[in-house]
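Biologist: I'd like to learn how to read a model like this one. Can we walk through it together?

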Amino acid sequence: MKRPAVAAAAVGSALAAAAAVTGIAGTTAGTTAGTTAGTTAGTTAGTTAGTTAATTAAAAAAWQPTATPTGWGPMGPCGWMHGMHVRDEAGYLTQMVAHHEEAVAAARQLQRSNRSQMRALGASIVTTQSAEIATMKEWLANWYPGHPGARDYRPMMRDLSGLSGDALDETFLQDMIPHHMAAIGMSQQLLASGRAEHPQVAEFAAKIRDDQHAEMFRMRRYLADWFGEWGRPCGRWDRPGPRGPGSMMH
């Protein structure tokens with residue numbers, strides 16, 4: 001074959017290859033467009049229940065604590081504390097309102113602390129959890145009117161009103177660490193069980209879990225630095241001040 005013929009054949013082969021590639025590209029583009037359109041339509045047609053389930057599953061699966069002290073289970077340090085089991089969304093909100101109200105009342109006592117860190121911690125708890133209480137009460141009124149309050153709530157904090165100085169700070173930290181762990185456990189149970197009925201509640205529970213997890217480690221550091229102890233996340237002390245043998249009760 002002469003050179004012109006060879007060149008012409010090469011050009012023809014190149015054009016054919018280009019056409020094939022173009023055809024493949026067109027097919028791919030068509031398939032991609034169709035898939036994208038179908039996905040968009042499916043997403044648009046999704047229900048609130050589906051959104052809630054996805055939010056809940058993602059929040060529950062994504063939780064990776066920064067540290068896990070020995071003896072803690074996936075839902076909390078030592079299983080469920082004070083019988084605070086989550087049976088449904090309304091029950092979670094009701095129990096968490098009572099739990100938060102107790103925390104706010106105790107945190108207000110820290111205004112008398114001699115430590116600026118403790119006064120700041122108390123102010124933060126009061127501000128944050130008061131706003132969360134208002135949100136939860138609004139949801140309960142809108143979604144679950146007439147739902148009974150947490151009549152069976154068992155207090156976890158001791159009376160701090162007569163304490164001051166180190167006794168106030170140490171007792172608060174000793175009690176608030178397991179108090180926070182109970183909130184973490186309740187929130188993770190709601191998420192892991194898929195019982196959140198509204199995406200707002202799933203996101204809210206995840207935020208409580210993560211915020212209080214970080215705050216709990218902050219309190220454990222205070223307890224270690226100032227009082228030489230890490231606290232016990234599964235119980236509480238039956239009297240203020242330093243621990244002694246047999247001082248724990250569950």
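Predicted model: local features only at pLDDT ≥ 70, side-chain atom pairs only at ≥ 80, totals over all residues.

Biologist: Is H179 buried or exposed, and why?

Modeller: Buried means under 20% relative accessible area. H179 has a relative accessibility of 1%, so it counts as buried.

Biologist: Which residues does H179 touch, leaving out those up to four places away in sequence?

Modeller: A contact needs heavy atoms within 4.5 Å. On that basis H179 touches H99, E102, A103, Y153, M156 and M157. Take H99: 80 residues separate H99 from H179 in sequence, yet their C-alpha atoms are 8.1 Å apart.

Biologist: What about helix length? How far apart are the end C-alpha atoms of α4?

Modeller: The expected span is 1.5 Å times one less than the number of residues. Helix α4 (residues 116-143) has 28 residues and should span 40 Å; the end C-alpha atoms are 40 Å apart, so the two agree. For α6, with 29 residues, the reach is 41 Å from first C-alpha to last, close to the expected 42 Å. After α6 comes G228, with a positive phi near 65°.

Biologist: Which residues of α4 are buried, and what covers them?

Modeller: The buried ones in α4 include M118, L121, I125, W139 and L140. Their cover includes α3 (89-108), α5 and α6 (199-227).

Biologist: And where is confidence lowest, and where highest?

Modeller: pLDDT is the predictor's confidence in each residue, from 0 to 100. The protein chain averages 74, and 58% of the residues score at least 70. Confidence is highest in α4, at 98, and lowest in strand β2 (residues 248-249), at a mean of 32. Residues 1-49 stay under 50, and the model gives them 2 contacts beyond four places in sequence. Residues 63-82 are also below 50, with 46 contacts in the model beyond near neighbours in sequence.

Note on methods:
Residues numbered from 1 in each chain as written. Heavy atoms only, no water. Buried < 20%, exposed > 50% of the residue type's maximum accessible area, 1.4 Å probe, protein only. Helix = DSSP H or I, 4+ residues; strand = E, 2+ residues; numbered from the N terminus.
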